[in-house]
Amino acid sequence: MQSERGNQDEVQKCQRYPTVWEIDHQYMLKVYESLEDLKRNAQILTILSEYGAPVARIIKNPVQGDHAIADQKYWLLTTKLPGSNMTDVRAPGM
């Protein structure tokens, strides 16, 4: 099966956290054990977006909506925001 990408290089994947993968430097794929957790986070992203906050946009799944279900896990695909994240914002010595 040939994708929209044609014969280009394979999709680039990089695991950023135990439950998050970066896809082609454009998307973030997040896995959840709990559907309730996924729905809560999707709702937070939606509300923040409605208020104009710079948040990742959820990529809709044409079959299941905001998420996909596979391997008894729940998956959420979002756009990747530009820039980098801060993993520890505490001042030294805190």
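**Notebook: a strand residue, a loop residue and their surroundings**

Working from a predicted model, I began with the surroundings of glutamate 22, which, leaving aside neighbours within four places in sequence, is in contact with Gln12, Lys13, Cys14, Arg16, Tyr27, Met28 and Lys80. I then looked up the side chain of glutamate 22 and found a polar contact with the side chain of arginine 16, at 2.8 Å.

Is glutamate 22 buried or exposed? I count glutamate 22 as buried, because its relative accessible area is 5% and the cut-off for that class is under 20%.

Next I placed glutamate 22 in strand β2, residues 20–23, and traced its bridge partner in β3, which is methionine 28. Strands β2 and β3 run antiparallel and are joined by four bridges; in their hairpin, with three residues between the strands, I noted that aspartate 24 takes a positive phi near 50°.

I moved on to glutamine 26, which lies in the loop between β2 and β3 and is partly exposed, with a relative accessible area of 43%. Not counting residues up to four places away in sequence, glutamine 26 touches Thr78, Thr79 and Lys80. For threonine 78, which is 52 residues from glutamine 26 along the chain, I recorded a C-alpha separation of 8.7 Å.

Finally, I followed β3 (27–32) to its pairing with strand β5, residues 73–79, which is antiparallel and extends over six bridges. Within this pairing I noted leucine 29 opposite leucine 77 of β5.

Note on methods: Residues are numbered from 1 along each chain as its sequence is written. This is a predicted model: local features need pLDDT of at least 70, side-chain atom pairs count only at pLDDT 80 or more; totals for chains, interfaces and linings use all residues. Side-chain values use heavy atoms; hydrogens and water are left out. Helices (H or I, at least four residues) and strands (E, at least two) are DSSP runs, numbered from the N terminus. Buried means under 20% relative accessible area, exposed over 50%, partly exposed in between (1.4 Å probe, protein chains only). A polar contact is a pair of N or O atoms within 3.5 Å; within protein, one must be able to donate a hydrogen and the other to accept it, and residues adjacent in sequence count only if both atoms are side-chain atoms. Contact means heavy atoms within 4.5 Å. Two strands pair if DSSP finds at least two bridges between them.
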